Structure formats: structure tokens, C-alpha cells
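Hello,

Here is the structure I promised to pass on. Please open it and keep it beside this email while you read.

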Amino acid sequence: MIPTTPTEVDPKDAAKVMRLVDKLEELEDLQNVYHSMDMTDEVIAALEQED
């Protein structure tokens, strides 16, 4: 799926969104999880620092 309206997120909030997506993906009842977060270079760098 391709989002029609990508959403910009602060790098600090992007980590929260990705943790939520990870938790949702762990649920057995869900098959797919989608988001419309715009993954800018700044967001990707912030997420890599958290790991």
C-alpha cells in the first residue's frame, strides 16, 4: 500500500510510532500493519541511534 498523504513526524515521535508498529506486528490476530509516516533521512538517523 502506498499512502496518499504521507505524514511528517518529529524524529523523537518517530521512535514512538515505530515501537507501536512493532507491538502491533507482534499480535497474532493482525496480518498487516501500515503507516503513513514520512521516513526522512533525519527520522531514519534518529531511529538508527536508538538501536
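This is a predicted model: local features need pLDDT of at least 70, side-chain atom pairs count only at pLDDT 80 or more; totals for chains, interfaces and linings use all residues.

Serine 36 counts as partly exposed, because its relative accessibility is 29%.

Where is serine 36? It lies in the loop between α1 and α2. Look next at what serine 36 touches. Setting aside neighbours within four places in sequence, serine 36 is in contact with Pro3, Thr5, Pro6 and Thr7. Serine 36 and valine 9 are 27 residues apart along the chain, and their C-alpha atoms are separated by 9.8 Å.

**The whole protein**

Now zoom out. The protein has 2 helices and 0 strands. Its C-alpha trace spans about 30 × 30 × 15 Å along the principal axes. There are 51 residues, and 16% of them count as buried. The protein exposes about 4500 Å², and carbon and sulfur atoms supply 48% of that area.

Contacts come next. Take those between residues at least 6 apart in sequence: 67% of them join residues at least 24 apart.

**The nonpolar core**

Which residues make up the largest nonpolar core? There are 6 of them: Val9, Ala14, Ala15, Met37, Val43 and Leu47. Helices α1 and α2 (41–50) each supply at least two residues of this core. As a general rule, nonpolar side chains in soluble globular proteins tend to be buried together.

Leaving out neighbours within four places in sequence, valine 9 is in contact with Ala14, Met37 and Val43.

**Charges and the salt bridge**

The protein has 4 positive and 14 negative side chains. The centres of the two sets lie 10 Å apart.

How many salt bridges does a search of the whole structure find? It finds 1. The partners are the side chains of lysine 16 and aspartate 13, at 3.9 Å from N to O. Both residues lie in helix α1 (residues 11–26). They are 3 residues apart, about one turn of the helix. Aspartate 13 counts as partly exposed, because its relative accessibility is 28%.

Is glutamate 48 buried or exposed? It counts as exposed, because its relative accessibility is 57%. The cut-off for exposed is over 50%. Glutamate 48 is found in helix α2.

Beyond its neighbours within four places in sequence, glutamate 50 is in contact with Ala15 and Arg19. Aspartate 13, from the salt bridge, gives one more distance to check. Glutamate 50 and aspartate 13 are 37 residues apart along the chain, with 12 Å between their C-alpha atoms.

**Where to look first**

- Serine 36, in the loop between α1 and α2.
- Valine 9, in contact with Ala14, Met37 and Val43.
- Lysine 16 and aspartate 13, joined by a salt bridge.
- Glutamate 50, in contact with Ala15 and Arg19.

Best wishes

Technical notes
Residues are numbered from 1 along each chain as its sequence is written. Side-chain values use heavy atoms; hydrogens and water are left out. A salt bridge is a side-chain nitrogen of Lys or Arg within 4 Å of a carboxyl oxygen of Asp or Glu. Helices (H or I, at least four residues) and strands (E, at least two) are DSSP runs, numbered from the N terminus. Buried means under 20% relative accessible area, exposed over 50%, partly exposed in between (1.4 Å probe, protein chains only). Contact means heavy atoms within 4.5 Å. Accessible areas come from the Shrake-Rupley method with a 1.4 Å probe; for residues, only the protein chains shown count as cover. Lys and Arg count as positive and Asp and Glu as negative; His and the chain ends are not counted. The place of a charge is taken as NZ of Lys, CZ of Arg, CG of Asp or CD of Glu. A nonpolar core is a set of buried Ala, Val, Leu, Ile, Met, Phe, Trp, Tyr and Cys residues joined through side-chain atoms within 4.5 Å.
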